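Walk me through this model.

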Amino acid sequence: MERLNRMYILAPSLLAADFTKLGEQIKETESAGAQYLHIDVMDGVFVPSISFGMPLIQSIRPASGQFFDVHLMIVDPEKYIEEFVRCGADGITFHLEAAKDPWAVINKIHQCGAKAGISIKPGTALEQVFPYLSQIEMVLIMSVEPGFGGQTFIPKSYERIRRMREYIDANGLCVKIEVDGGVGKKNIREVMRAGGDVFVAGSGVFRKNSISHNISKFREAFEEGLTGSTDGKNGKE
């Protein structure tokens, strides 16, 4: 079943940015065509690491017109929704595993005027998120264990993305599939073919070459995907 109104979205992950040049790098991702900015919030409880919080989001909001894609890897996410939206979040994705009442979190996000997303870890059964798909705008499939940047894509994630895509399309749902973890120029086409819509990339955007050059490679893959010409491409530069 072919999807209508297809669109591929790149979401550079700030975890991989150079914080001595953060404002400059954010502006470069935007000017190079990255529609989203992915902001991981980690509490050191749900995941081992601690990362950004509300002050960072609030401070960078004036520097970018991008969609702020805030990924909460925290316990009790419903306590903080209103403040994250006030600071500039356009979309908030919370972990199904961290929410006592997922419906309450979804409702809170929508009440605050943001888009709602649910994320699941690699070991969480896809079926656990199915009941919520009709009420959210995005489902995030983690293709690494959450908590650290720079990890390698877990191969079984391709099948999980395919199964999620099949379920969404078969049920006529309007929900994007976001893929986060180990996504780069070498595997982007395969992740696209599996059914992803939104692609979180950290090292693939902020490391090795210039940000603009790296983003151009993702955009080439997106154009190929929209014209149906991704087969046979290996992602090499």
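**Charged pairs and buried faces**

Arg86 and Glu83 sit three residues apart in helix α3 (residues 81-87), about one turn of the helix. Helices (H or I, at least four residues) and strands (E, at least two) are DSSP runs, numbered from the N terminus. This is a predicted model: local features need pLDDT of at least 70, side-chain atom pairs count only at pLDDT 80 or more, and totals for chains, interfaces and linings use all residues. Residues are numbered from 1 along each chain as its sequence is written, and side-chain values use heavy atoms, with hydrogens and water left out.

Arg86 forms a salt bridge with Glu83, and the closest N and O atoms are 2.6 Å apart. A salt bridge here is a side-chain nitrogen of Lys or Arg within 4 Å of a carboxyl oxygen of Asp or Glu. Arg86 is exposed, with a relative accessible area of 53%. Glu83 is partly exposed, at 30%. The terms are set by relative accessible area: buried is under 20%, exposed over 50%, partly exposed in between (1.4 Å probe, protein chains only).

The structure holds eleven salt bridges. Another one pairs Arg165 with Asp169, with 3.1 Å between the closest N and O atoms. These two residues are four apart in helix α5 (residues 157-170), so about one helical turn separates them. Both Arg165 and Asp169 are buried. Asp197 also forms a salt bridge with Arg165, the closest N and O atoms being 2.5 Å apart. This pair links distant parts of the chain: Asp197 is in the loop between α6 (188-194) and β8 (198-201), Arg165 is in helix α5, and they are 32 residues apart. Asp197 is buried, with a relative accessible area of 9%.

Now turn to helix α1 (residues 22-31). Its buried residues are Leu22, Gln25, Ile26 and Thr29. They cover an arc of only 100° around the axis, so they lie on the same side of α1. The arc is that of the directions from the helix axis to the C-beta atoms. On the other side of α1, Glu24 and Ser31 are exposed. What do the buried residues of α1 pack against? They pack against β1 (9-12), β2 (36-42), α2 (54-60), α7 (203-206) and α8 (211-226). Gly33 follows α1, and its phi is positive, near 110°.

Finish at Thr93 in strand β4 (residues 91-95). Thr93 is buried, with a relative accessible area of 1%. Not counting residues up to four places away in sequence, Thr93 touches several residues, among them Asp69, His71, Ser119 and Glu178. Contact means heavy atoms within 4.5 Å.
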